[in-house]
Amino acid sequence: MKKRSIFLIAATATLYFNNAYAQETPQDSVKVSSIDQIVITGNSNPKKKIESSTAISTFNAKEIQKQNPISAAALLQRVPGFAVETSGGEVGNNLFARGIPSAGAYEFVQVQEDGLPVFEDGALQFANADNFFRVDNSVSRLEALRGGSGSIYANNSPGGLINFITKEGTNDFKGTAKIETGTYGLMRADLNLGGALVKDQLFFNVGGFYRTDDGIRKTGFKANNGGQIRMNLKYVFDKGYAKVYYKKLDDRNTFFLPIPLVQNGDDLKGFPNFDPNYGTYSYRAISQLNIPQAGGGFFSRNLEDGIHPKVDVLGAEFKYDLGSNFSVLNKTRYTNINMNYTGIFPAGGPQTSGDFAKVNGISGNTYQYSLVSNGAVINPDHVQELGFWAIDKQMNNFVNDLQFNYKFDNGNVTAGFYKSTWKSHQYWNWSNILTTATDRPQLLNLVDTALNPSDVGYSKTYNGVTDMTFLQRDTQTQGSLNNVYVNLDYNITDAWSVNGGLRYSRDYYKGNFANTTTANLNNSGLTTDGTHGFETTTADDNMSVLGNKFTYWNYNIDKVSFTLATNYKINRENAVYARFSNGFRSPNEEAYYNYFSNPNPDKPLKSVSTNQLEVGYKYYSRTFDVAVIPFYSSLKNLSFTDIFSSGKSENTFANTENYGVELEGYARLFNNLLEVTFNGTVQNPKYKDLEEGSLLEGNTVRRMPKFYFNIAPAVNITKSWRAYVSMNYYGKRFQDELNVQTLPSFTEFGAGMSYQLGKIRFAVDGTNIFNTIGITEGDPRAGSPTGDGTIMARPIMGAAARASITLDF
């Protein structure tokens, strides 16, 4: 840690003393005034932010550059109302909108690129929406809407819309090139180019990045490696435009999961021999899995592949003025995804050597542990059983959104038809392995020395594997969505407007899954060590085998979503609004599997219905912005589908209710010397009618902070020189519905500096600079938590620093 702090201080100081060469060039700190900003997300037509009756946050390319987020989730932490967990790494993170709980992912919001979904459902099993999206210099701006009209303009999005809008070319040829390095072996290059092939008519933009790094947590291999390229071509004619685009993403990222810590109330410290800030169970020494299968052949997997999506996206957009105030807009996209997902999921917490041996049938002191790597006998204090989870997913999505718009003197009407078809075919093969309970784990074998090597049950492992392929799944889910929607904007006066929207969803879901049986390798003719058969080990006793019998299912949805709102513009700088919205979320992929595996008439499968009411005050000026938005939300039929380490799903249902206030602001003070951006959320999400019984009535919704905020003051030392600090506070939460396991509040600090030399920008950014131990979740796969003592939890990353050089040309 000392070396990392010295690096950060030295890098910052180097930039500081270069101040003597500051040039009088426009600083990159100037924020586009919100009073002039136009937003398109959640609106039928582009609209000034102050005139939009929505809770929406915006970030342009320069603001994103200033924040230099390490992931898409890190950027979304700056949006009030979004509680974001960033501890998974660059991808696989979780976002909870306005206190709506879920098993994780982006279950109640839709992540979009240019107004269409990254993938139709952003919370498929092991397919979080951020697995398929990366922030780079080809992003023009981000618009993040909470609640409001989200359910009218997209599916499964009552919590909001997150729309990343990409850059397009202009008549002026422009480009941005960036190189970046960091304290964790980071090397990254970004490039974006845009311009005109034919002036005023044909424009292009192409951009992308390539990055490799060792990971802030020490894996012993390249934790992140890959990149993306994105390009578009736009032709503009008298009455409209046509655009085509393509994106290729091929990236590999390590997914970080809970590690052991020691908790005493609000105090957290590292477990012995485990660094809480840089340690991980995902380590090179346990990265290879190669095991025989009961049906023949071998299953091999490499942890170093991590989450590895290969994404191809082809899309088009067309707009045409039909005359007589009518226009048509059509957006279409096809997405194909092949993803290999490999992660280490702890199966409970560390156990003493004796306790683990006893649980596995070895009584007394006749147990013996040895290293798989060299056979050396060791006596570890604690051992850890880890799930080696491998998932392969093939996914595709075709979506088309056709809109007609009619403008009249006092407003406009938009009507559209949205069609989306998607498919997810996945295969799971899960095993458990045994390792030392340390942050550079070693694979272990365990035997009972009271038996002979040829005796039945002598060994509890096979090359460190305790449960070989204990779970297999072969499942397929398909969706066919057919939605019509209409939206009306009407200006009663120049200052007073109303908005109403309606969406009718007629959606069809179907799928199948292979039934399984169990088997072992006792009569396979294979040996464990070249001599002894598999009857000598228990590792193969409960192997999962896919059968030829499939279960087929289908589920239909016939639902209406609607919203009503009004906005009153007091003057050029002040406005108030109010909105009511009703929406829903279809059952998620795991809910389908659970229900049709074991149908229960007492717990019918239902979509989640939501009601939200919000009012807001907005003040936008050249030097000061503020938005204050009280809100209320209620949900019915909410399902919890966390998958436990045994492979079974939680399958719990509840209703929730939440009251809260979102606050967002920006200030430029003392003649632009000081800038302050801030956002915060105060809320009180509670369970209502949780099925386990009245004892849980009124408990706080799990993993939801009642208070969280971010504040980032910056000093413009000169027109070229800028320094900032950021403070991210995440309030106390509970891991479970019983509110037994406390997740203490924590505060994470960042800091950095930038220096503009002509068209070149030098920057240093530090994250978690004080090496805070802050946990975002416990271990949702472990079942009921126990409170203080040794816990399993997922902490934020340790301190790190990055240095970059950016050239605009």
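**Before you start**

This is a predicted model, in which local features need pLDDT of at least 70, side-chain atom pairs count only at pLDDT 80 or more, and totals for chains, interfaces and linings use all residues. Residues are numbered from 1 along each chain as its sequence is written, and side-chain values use heavy atoms, with hydrogens and water left out.

**Stop 1: residues 49-160**

Select residues 49-160. An unreviewed UniProt entry places the feature "domain: TonB-dependent receptor plug" here. UniProt positions are given in the numbering used here, feature names are shortened, and annotations may be inferred rather than shown by experiment. The end C-alpha atoms of this span lie 16 Å apart, and the span is 14% helix and 30% strand. Helices (H or I, at least four residues) and strands (E, at least two) are DSSP runs, numbered from the N terminus.

**Stop 2**

Two strands pair if DSSP finds at least two bridges between them. In general, strands of a sheet pair through backbone hydrogen bonds, either parallel or antiparallel. Strand 3 and strand 10 run antiparallel and are joined by six bridges. To see one of these, select Asn60 and its bridge partner in strand 10, Arg141.

**Stop 3: Glu143**

Stay in strand 10 (residues 139-146) and select Glu143. Is Glu143 buried or exposed? Glu143 counts as buried because its relative accessibility is 0%; buried means under 20% relative accessible area, exposed over 50%, and partly exposed in between (1.4 Å probe, protein chains only).

Show what surrounds Glu143. Leaving out residues up to four places away in sequence, Glu143 touches several others, among them Ile38, Ile56, Thr58, Leu161 and Asn163. Contact means heavy atoms within 4.5 Å. The side chains of Glu143 and Thr41 are joined by a polar contact of 2.7 Å. Another polar contact, of 3.2 Å, links the side chain of Glu143 to that of Arg141. A polar contact is a pair of N or O atoms within 3.5 Å; within protein, one must be able to donate a hydrogen and the other to accept it, and residues adjacent in sequence count only if both atoms are side-chain atoms.

**Stop 4: Arg188**

Move to strand 13 (residues 187-198) and select Arg188. Arg188 counts as buried because its relative accessibility is 15%. A polar atom of its side chain lies 3.2 Å from the backbone oxygen of Val135. Beyond its neighbours within four places in sequence, the contacts of Arg188 include Asp136, Lys178, Glu180, Phe209 and Tyr210.

**Stop 5: strands 14, 15 and 16**

Strand 14 (residues 202-213) and strand 15 (residues 224-237) pair in the antiparallel sense over 12 bridges. How many residues does the hairpin use to join strand 15 to strand 16? It goes through two residues.

**Stop 6: the largest cavity**

Select Ala103, Gly104, Phe126, Asn128 and Asp642. Of the 29 residues that line the largest cavity, these lie nearest its centre. The elements giving two or more residues to that lining are strand 8 (123-124), strand 9 (127-128) and strand 22 (326-346).

**Stop 7: helix 6**

Select residues 589-597. Helix 6 is mostly covered, with seven of its nine residues buried. Among the buried residues are Glu589, Tyr592, Tyr593 and Phe596.

**Stop 8: strand 24**

Finish at strand 24 (residues 367-371). Five bridges pair strand 24 with strand 28 (residues 444-448) in the antiparallel sense, and Tyr367 stands opposite Asp448 there. Strand 24 also runs antiparallel to strand 25 (residues 377-378), joined by two bridges. Ser370 stands opposite Val377 in strand 25. The hairpin of strands 24 and 25 has five residues between the strands, and in it Gly375 takes a positive phi near 80°.

Key. On a 1 Å grid over the protein atoms alone, a cavity is a set of points where a 1.4 Å probe fits but cannot get out, and a pocket is an open set with protein on both sides within 12 Å along at least five of seven lines; lining residues have an atom within 4 Å of a point.
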